[in-house]
Amino acid sequence: MTNPATANSAEHSAFAAGDSAKSAAGAPEASTAQASGQGSTAIADVVVQKISGIAAREVPGVYELGGGAARAFGAVKGRIPGASASAGQGVSVEVGQKQAAVDLQMLVEYGVSIPDLAQEVRNNVIDAVEQMTGLEVVEVNINVNDVHIPSEDGDGDQGTGDRVQ
């Protein structure tokens with residue numbers, strides 16, 4: 001009969017060695033494992049993706065996340081009763097055993113200082129991911145792909161209402 005304490009640490013060592021071999025080979029990992037003396041915790045990429053998306057949206061000046069196609073799909077999905085846009089839309093992540101990198105695509109409000117907004121989003125994402133997962137965020141890359149102009153929200157009647165009666 002084996003001692004559970006030694007069996008667990010031997011199993012844990014084999015698990016950790018297997019994970020580092022995968023990382024060294026450069027294969028993408030679906031989740032990360034954080035080890036402690038009492039076991040391990042696995043954090044899936046989608047968890048970091050959702051945390052990052054929510055944290056980015058919390059910052060005033062961020063209108064929406066995602067590229068043009070993703071936003072269009074999200075708008076269609078939003079019209080379906082009971083459906084909602086994904087919290088991870090416009091966010092891609094790479095998660096390792098102890099570190100994470102985040103890439104964001106976003107649409108910003110017109111008139112907002114993009115460098116200031118990018119730094120505020122970066123800080124909020126880093127704080128949220130590090131606090132909730134314990135992973136070190138090594139970089140947050142931000143791609144601003146559009147500017148939201150409030151006058152573009154209407155049905156098209158706002159611009160022509162004064163011209164034709």
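Predicted model: local features only at pLDDT ≥ 70, side-chain atom pairs only at ≥ 80, totals over all residues.

Reader: How many helices and strands does the chain have, and in what pattern?

Author: Helices (H or I, at least four residues) and strands (E, at least two) are DSSP runs, numbered from the N terminus. This chain comes to five helices and six strands. Along the sequence they follow the pattern α-β-β-α-β-α-β-β-α-β-α.

Reader: Which strands does β5 pair with, and in what sense?

Author: Two strands pair if DSSP finds at least two bridges between them. β5 (99-109) pairs with β3 in the antiparallel sense over three bridges. One place to look is E64, which stands opposite L107 in β5. β5 also pairs with β4 in the antiparallel sense, over five bridges; there the bridge partner of E94 is A101. A hairpin of three residues joins β4 to β5. With β6, β5 pairs in the parallel sense over 11 bridges, and V102 has V140 in β6 as its bridge partner.

Reader: How do side chains sit along a strand?

Author: In a regular strand the side chains alternate between the two faces of the sheet.

Reader: How can I check the length of helix α2?

Author: The expected span of a helix is 1.5 Å times one less than its number of residues. Helix α2 (residues 45-57) has 13 residues and should therefore span 18 Å; the C-alpha atoms at its ends are 19 Å apart, which agrees.

Reader: Which residues of α2 are buried?

Author: Buried means under 20% relative accessible area, exposed over 50%, and partly exposed in between (1.4 Å probe, protein chains only). In α2 the buried residues are D45, V48, I51, S52, G53, A55 and A56. S52 counts as buried because its relative accessibility is 0%. For the chain of 165 residues, buried residues make up 27%.

Reader: What does S52 touch?

Author: Contact means heavy atoms within 4.5 Å. Leaving aside neighbours within four places in sequence, S52 is in contact with V91, V93, V102, V125 and V129. As for the chain, among contacts between residues at least 6 apart in sequence, 69% join residues at least 24 apart.

Reader: How many residues are in the largest nonpolar core, and which have the most contacts inside it?

Author: A nonpolar core is a set of buried Ala, Val, Leu, Ile, Met, Phe, Trp, Tyr and Cys residues joined through side-chain atoms within 4.5 Å. The largest one here has 24 residues, and V48, L104, V121 and V125 have the most contacts inside it. At least two residues of this core come from each of α2, β3, β4, β5, α4 and β6. Not counting residues up to four places away in sequence, V48 touches I43, V93, V95, A100, V129, T133 and L135.

Reader: T133 is on that list. What does its side chain reach?

Author: A polar contact is a pair of N or O atoms within 3.5 Å; within protein, one must be able to donate a hydrogen and the other to accept it, and residues adjacent in sequence count only if both atoms are side-chain atoms. T133 is in helix α4 and counts as buried at 7% relative accessibility. The side chain of T133 reaches the backbone oxygen of V129 at 2.5 Å. A polar atom of that side chain also lies 3.1 Å from the backbone nitrogen of L135.

Reader: Is P60 buried or exposed, and what does it touch?

Author: P60 is in the loop between α2 and β3 and counts as exposed at 63% relative accessibility. Not counting residues up to four places away in sequence, P60 touches L117 and E120. P60 and E120 are 60 residues apart along the chain, with their C-alpha atoms separated by 9.3 Å.

How values were computed
Residues numbered from 1 in each chain as written. Heavy atoms only, no water.
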